[in-house]
Amino acid sequence: MTVDASLVGASSRKTYRQAKAEIEAVARSIVTVLQGKTGGYVGLYGENKPAWMILFWAVLKSGNLPYLINLRQPAEFAGEALASLGARLTVCVSSAPECLGTEILSYGELLKNAPESAPEVPFG
């Protein structure tokens, strides 16, 4: 019997197969929200959990670059950095401060609203 390896968080456990499916679904949501635009920055806000890892890889798979927000810095600092990078979207594990100056979508929202398909984006 083959056992699928897993990612384990304090309150969640996902097999790599489940994580891959969620990465692809969230990436489709990001592509849809950004209307197919790639090559830009997407803010990534949240604690280090399996959902954070899924968001990180989904941003890359969507053809964009993650801007990793340091939760110990003032949120206004991150907002200024996101503005200087031209970021339009911040993805977060659960919630993020409004002062980031971008559209904010949570992991749950992105996963729930993932379209069945999205334009193909080259990865890498």
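# Notebook: a predicted model, helices against an open sheet

Of the 124 residues of the protein, I find that 40% count as buried, where buried means under 20% relative accessible area, exposed over 50% and partly exposed in between, with a 1.4 Å probe and protein chains only. The model is predicted, so I take local features only at pLDDT of at least 70 and side-chain atom pairs only at pLDDT 80 or more, while totals for chains, interfaces and linings use all residues. Residues are numbered from 1 along each chain as its sequence is written, and side-chain values use heavy atoms, with hydrogens and water left out.

**Entry 1, overall layout.** I looked up the secondary structure and found four helices and six strands. Helices (H or I, at least four residues) and strands (E, at least two) are DSSP runs, numbered from the N terminus. Along the sequence I read the pattern β-β-α-β-α-β-α-β-β-α. I then looked at contacts, meaning heavy atoms within 4.5 Å. Of the contacts with a separation of 6 or more, 64% are between residues 24 or more positions apart.

**Entry 2, the sheet.** In which order do the four strands of the open sheet stand? I read E4-E3-E5-E6, with parallel pairing; two strands pair if DSSP finds at least two bridges between them. E4 and E6 (103-106) are at the edges with a single partner strand each, so one side of each has no neighbour in the sheet. From one strand to the next the twist averages 30°. For angles, I note that axes are lines fitted to C-alpha atoms, for helices over the stretch in contact, and that angles run from 0 to 180 degrees between N-to-C directions.

I checked two of the pairings. E3 (residues 41-45) and E4 (residues 65-68) are joined in the parallel sense by four bridges, and Gly43 faces Tyr67 of E4. E5 and E6 also run parallel, over four bridges; there I find Leu89 bridged to Glu103 in E6.

Together, E3, H2 (residues 50-61) and E4 form a right-handed β-α-β unit. Right-handed here means that, with the strands pointing away from the viewer, the path from the first strand over the helix to the second runs clockwise.

Buried in H2 are Pro50, Ala51, Ile54, Leu55, Ala58 and Val59. After H2 comes Gly63, with a positive phi near 90°.

What does Ala58 contact, leaving aside neighbours within four places in sequence? I list Ile23, Val26, Ala27 and Ile30. Ala58 and Val26 are 32 residues apart along the chain, yet their C-alpha atoms are separated by 5.8 Å.

H1 has 18 residues and reaches 25 Å from first to last C-alpha, close to the 26 Å expected. I find Ala19, Glu22, Ile23, Ala25, Val26, Ala27, Ser29, Ile30 and Val31 buried in H1. Glu22 lies in this helix, residues 16-33, and counts as buried because its relative accessible area is 14%. Not counting residues up to four places away in sequence, Glu22 touches Lys14, Ile54, Tyr107 and Leu111. Just after H1, I note a positive phi of about 55° at Gln35.

In H3 (residues 75-85) I find Ala75, Ala78, Gly79, Ala81 and Leu82 buried. They are on the same side of H3 because they cover an arc of only 165° around the axis, the arc being that of the directions from the helix axis to the C-beta atoms. Their cover includes E3, E4 and E5 (89-92). The face turned away from the buried side carries the exposed residues Glu80, Ala83 and Ser84.

Is Glu80 buried or exposed? At 58% relative accessibility, I count Glu80 as exposed. From Glu80 to Cys99, 19 residues apart in sequence, the C-alpha distance is 9.3 Å. Just after H3, Gly86 takes a positive phi of about 75°.

Terms used. The expected span of a helix is 1.5 Å times one less than its number of residues.
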